[in-house]
Amino acid sequence: MHKPAKPLEGPDTYNDQIRIVLVETSHSGNIGAVARAMKNMGLGNLWLVNPASFPDEASYARAAGASDILDKATVVSTLDEAIADCVCVMGTSARGRKVPWPVIAPPDAAAKASQQSEAGQVALVFGRENHGLSNEELQRCHFHIHIPSNPDYSSLNLAMAVQVMCYELRMHYLKGLEGGDGSPYLKPMMVPGDEGWDVPPAPVRDVEGFFSHLEQVLVDVDFHRRDNPRQLMTRLRRLFQRAGLDQMEINILRGILTAVQKSAGAADTAKNTSRAGSTAGEQE
């Protein structure tokens with residue numbers, strides 16, 4: 001029916017303490033897309049309440065390598081069965097209620113779910129594609145999760161909504177690892193010197209050598225005049241220093257400048273030879 005997928009490495013992010021519950025999903029392909037979203041973020045506990053069709057080829061095709069999540073999915077007939085043993089239930093809702101209910105944003109919902117998962121099972125409940133969860137179903141939830149989408153186009157695809165919450169759970173989990181925001185998963189890598197960059201930053205002496213070389217080449221090709229600089233080198237210096245060059249990049253740029261000098265020199269030689277030939281012809 002489908003190709004076997006590689007299972008999650010070891011236990012999932014929350015050791016299956018957090019379950020994703022889909023209520024009466026109409027399109028089985030959406031179930032596969034949800035499985036993919038879950039596995040992307042290290043979650044593996046999927047519950048399906050009275051799906052229109054499951055399992056089938058469409059769900060496995062959309063899972064794209066997350067068929068193991070579908071293989072172990074729990075299928076039940078009612079929402080009550082899916083949440084009976086949970087200590088905390090959160091339902092997604094885009095609608096306001098006549099009777100106010102505790103509403104929580106995705107990042108806070110992830111934090112609350114993570115906290116509650118230490119005491120027992122936590123369910124994140126997602127409703128039908130066409131009209132979400134009913135009022136009665138939402139009243140079974142301790143919190144309503146509101147994803148602050150564009151109010152002029154607020155309807156999210158089921159898998160997209162699940163992806164938002166799985167991402168927030170993943171981020172909360174990573175921040176909670178030893179080192180917190182210093183976790184290698186969350187550390188930015190933007191400039192030489194950042195952890196993971198392959199070449200060390202260029203030292204000042206090499207950068208200054210590059211600027212001297214650059215200025216000389218610009219003079220050689222008649223682009224720059226030292227007696228009338230007009231802030232050219234100042235602006236080029238600002239440009240390259242803003243880039244934050246590493247040692248390899250400096251070497252590459254110096255190599256390019258050397259090649260330009262050689263090419264300019266060869267062109268000048270050819271030009272001078274041509275002029276000399278013309279002068280000799282005129283003399284003859």
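Me: In which loop is Arg 226 found?
Reply: The model is predicted, so local features need pLDDT of at least 70 and side-chain atom pairs count only at pLDDT 80 or more, while totals for chains, interfaces and linings use all residues. Residues are numbered from 1 along each chain as its sequence is written, and side-chain values use heavy atoms, with hydrogens and water left out. Helices (H or I, at least four residues) and strands (E, at least two) are DSSP runs, numbered from the N terminus. In these terms, Arg 226 is found in the loop between α8 (204-220) and α9 (232-243).

Me: With which residue does the side chain of Arg 226 make a polar contact?
Reply: Leaving aside neighbours within four places in sequence, Arg 226 is in contact (heavy atoms within 4.5 Å) with Glu 215, Gln 216 and Val 219. A polar contact is a pair of N or O atoms within 3.5 Å; within protein, one must be able to donate a hydrogen and the other to accept it, and residues adjacent in sequence count only if both atoms are side-chain atoms. At 3.0 Å, the side chain of Arg 226 makes such a contact with the side chain of Gln 216.

Me: Is Arg 226 buried, partly exposed or exposed?
Reply: Buried means under 20% relative accessible area, exposed over 50%, and partly exposed in between (1.4 Å probe, protein chains only). The relative accessible area of Arg 226 is 46%, and this residue is therefore partly exposed.

Me: Which residues of α5 are buried, and how are they placed around the helix?
Reply: Helix α5 (residues 106-117) has 12 residues. Seen down its axis, the buried residues fall within an arc of 135° (taken from the directions from the helix axis to the C-beta atoms), so they line one face of the helix. They pack against elements including β1 (18-23), β4 (86-92) and α7 (158-175). The buried residues are Pro 106, Ala 109, Ala 110, Ala 113, Ser 114 and Ser 117.

Me: Which residues touch the most other members of the largest nonpolar core?
Reply: A nonpolar core is a set of buried Ala, Val, Leu, Ile, Met, Phe, Trp, Tyr and Cys residues joined through side-chain atoms within 4.5 Å. Among the residues touched by Leu 22, not counting those up to four places away in sequence, are Ile 31, Leu 46 and Phe 126. Of the 38 residues in the largest core, those touching the most other members are Ile 20, Leu 22 and Leu 46.

Me: How many disulfides are there?
Reply: A disulfide is a pair of cysteine sulfur atoms within 2.5 Å. The closest cysteine sulfur to that of Cys 86 is in Cys 88, at 8.6 Å, which is too far for a bond. By this rule the count is zero.

Me: What is the value of omega for the peptide bond from Phe 54 to Pro 55?
Reply: Most peptide bonds are trans. Pro 55 lies in the loop between β2 and α2. The bond from Phe 54 to Pro 55 is cis, with omega near -5°.

Me: What is phi of Asp 16?
Reply: Most residues other than glycine have a negative phi. Asp 16 lies in the segment before β1 and is partly exposed, at 29% relative accessibility. Its phi is positive, near 65°.

Note on methods: Expected span 1.5 Å × (residues − 1).
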